[in-house]
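Please open the structure in the viewer and keep the selection tool at hand.

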Amino acid sequence: MSVFERFSGRVRAALDALAAAGQLPAGLNHANVTVEPPRDPSHGDLATNAAMVLAKPAGKNPREIATALAAELAKLPEVGSAEVAGPGFINVRLSDDLWRAELDAILTQAGDYGRSAMGKGTTVNVEYVSANPTGPMHMGHCRGAVVGDALAALLEYAGYAVTREYYVNDAGSQVDTLARSAHLRYREALGESIGDIPEGLYPGDYLKPVGAHLAATFGDRYVGAPEAEWLQTFKRETVAQMMDLIRADLALLGIHHDRFASEAELQASGAVDAAADALRAKGLVYEGTLPEPKGEKPEDWEPVELTLFRSTQFGDDVDRPVKKSDGSWTYFGADMAYHADKASRADMLIDIWGADHAGTVKRQQAAVEALTDGRVALDVKLVQMVRLLRAGEPIKMSKRAGNFVTLADVVREVGKDVVRFIMLTRRSDAQLDFDFAKVVEQSKDNPVFYVQYAHARIHSLARRMAAEGIPEVAPDLGRLDSEELALVKFAAQWPRIVEAAAAAHEPHRVAFFLGDLAAAFHALWNRGNDAPERRFLVAADPQLTAARLALARGVGQIIRNGLSIMGVTPVEEMH
């Protein structure tokens, strides 16, 4: 429980005391009362809006309530002062002893400091990556993979029960194309000269091992056979091979899913029919025609009767087809049934999608609401593309041409931790530049280096103490000065950051906080550049050194806790 959450309880108790004394009406709703750090740290450690939000229901002037509440809060032993500001805000300064106790809590709780029970075991399904199994993972998939994996870890840290899921799009024309491409490589593996890859097939060399596998498995049985004899078999075998490749690529990033769901199996099970029938029974699926296209109408356009979902009933622009005129399911129809399946297994659904799918968000949310009668919510986090650069020059990718930059190549060049960290340095819906030169640069402009350097500096202190012969004694945290306690106050925001990031489904907030915490630590470290007595290690004063070492270790613990959520390994030495 954070300092802010604990003090929220103190504020509520003080309000109850004022109500018991007749200074406030009984039964006031405290739901909108907040306790948070003030925007300007010089104003205090905490601020509450209690008087502002309760003034109207209490029928009192907010400053009148604030004055009475500040007086009540000032009675608490952990409060140094409580002052009324502006129209009725209350700024509170907490005692130094409270912050020393909080540093001790960080050190004692270690990896559990900041863990929350806010999720209360609520089951959450986080679906991420879900790339078509038509090739190895490339950098177009990387960002969503990292965002989804870090979000899953963040939610677990906040007390949710999380399932990490991958939806295998193994139905549809792109898988037919994949099987035909693999058949070509299969013939090549058996010694046939295949020449240039025909237009429309996947040309990448990554299919050569697949062809070799098919040749070893089936011999020459399907070399001259009609497509109808081998297509289904080659689809199944090739998708399995590609998923093994994708799993291996994801493992390089430290990503492992709990469940892989197959679109083909979903359709074969009748789940899509069942979902459509359930919506039809509610009057939400019907046979009808779409309105004419806006603007210039195509010459061949004509109204066609389709099976439609009434997504307009949920705020969408038009109703959406779930079945094509030829009787096959649309992608939306199959996806609708897949989300119904996920909703039967979870209390909350989160999808990580590429920004190019933004237009389908509203209809899918409408379908989930309709299928679950509003019991399960779907949150879709959109992820913008990553622009790859090398020393400022763009790197172009083309998956169909077979010259794309693979995720495996990037991880091998700069390392898993660099890739994962950089993917979280901006909001997922903002474009991100990944410059191979800059992400390994050792400067404060590189957030990966800056945070890892802080951790490495902290880890170096024990080695340097031993080298300088400074004995490690019990710390007296009373020796910490105001600047050092300010760093404790900053680090103590970690539990609040965890809960806010988990509530917003925004793991990048963890990276932002670690960057700010590292900057605050480096600033404190650098004050010893010109004043030896302000360094973390003071050979003539082992007790002061012990107190500052405790502070550094506390900061290092928060950095490790944050990096663990991000899936990044903290370094102990910089080279």
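Select Asp-341 to begin: Asp-341 is partly exposed, with a relative accessible area of 27%. Here buried means under 20% relative accessible area, exposed means over 50%, and partly exposed lies in between (1.4 Å probe, protein chains only). The side chains of Asp-341 and Arg-259 meet in a salt bridge, at 4.0 Å from N to O. Asp-341 belongs to helix α11 (residues 331-343) and Arg-259 to strand β7 (residues 259-262), so the pair ties together parts that are 82 residues apart in sequence. A salt bridge is counted when a side-chain nitrogen of Lys or Arg is within 4 Å of a carboxyl oxygen of Asp or Glu. Helices (H or I, at least four residues) and strands (E, at least two) are DSSP runs, numbered from the N terminus.

Before the next stop, two remarks apply throughout. The model is predicted: local features need pLDDT of at least 70 and side-chain atom pairs count only at pLDDT 80 or more, while totals for chains, interfaces and linings use all residues. Residues are numbered from 1 along each chain as its sequence is written, and side-chain values use heavy atoms, with hydrogens and water left out.

**Further salt bridges**

Side chains of opposite charge can pair when their charged atoms come close. By the rule above, the count comes to 41 salt bridges. Select Arg-496 and Glu-36 next; their side chains form a salt bridge at 3.7 Å, N to O. This pair ties together parts that are 460 residues apart in sequence, because Arg-496 lies in helix α17 (residues 494-504) and Glu-36 in strand β1. Arg-496 is partly exposed, with a relative accessible area of 28%, and Glu-36 is partly exposed as well, at 35%.

Move to Arg-509 and Glu-506, whose side chains meet in a salt bridge of 2.8 Å, N to O. Arg-509 counts as partly exposed at 32% relative accessibility, whereas Glu-506 is buried, with a relative accessible area of 11%.

Now select Asp-481, Glu-483, Glu-484, Arg-527, Arg-534 and Arg-548 together: these residues are linked in a network of salt bridges.

**The four-stranded sheet**

Four strands make up an open sheet in the order β1-β2-β4-β3, with antiparallel pairing. At its edges are β1 (35-36) and β3 (79-85), each of which pairs on one side only. Two strands are taken to pair if DSSP finds at least two bridges between them.

Strand β2 (residues 46-48) runs antiparallel to β1, to which two bridges join it. In β2, Ala-47 is the bridge partner of Glu-36. Follow the chain from β3 to β4: the two strands form a hairpin with three residues between them, and Gly-86 in the turn has a positive phi of about 55°.

**Two surface patches**

Select Met-52, Val-53 and Phe-89, which make a nonpolar surface patch of about 210 Å². Patches consist of residues with over 30% relative accessible area and no salt bridge; like charges are joined within 9 Å, and nonpolar side chains (Val, Leu, Ile, Met, Phe, Trp, Tyr) within 5 Å. Accessible areas come from the Shrake-Rupley method with a 1.4 Å probe, and for residues only the protein chains shown count as cover. Met-52 lies in helix α2 (residues 50-58) and is partly exposed, at 31%.

Then select Glu-296, Glu-299, Asp-300 and Glu-302, which form a negative surface patch. The place of each charge is taken as NZ of Lys, CZ of Arg, CG of Asp or CD of Glu. Glu-302 is in the loop between β8 (285-288) and β9 (306-309) and counts as exposed, at 54% relative accessibility.

**Backbone angles in two loops**

Which value of phi does Ala-110 have? Its phi is positive, about 50°, although Ala-110 is not a glycine. Ala-110 lies in the loop between α4 (96-109) and β5 (123-127) and is partly exposed, with a relative accessible area of 22%.

End at Val-129, in the loop between β5 and α5 (139-157). Its phi is near 75°, a positive value in a residue other than glycine, and Val-129 counts as buried at 15% relative accessibility.

Technical notes
Lys and Arg count as positive and Asp and Glu as negative; His and the chain ends are not counted.
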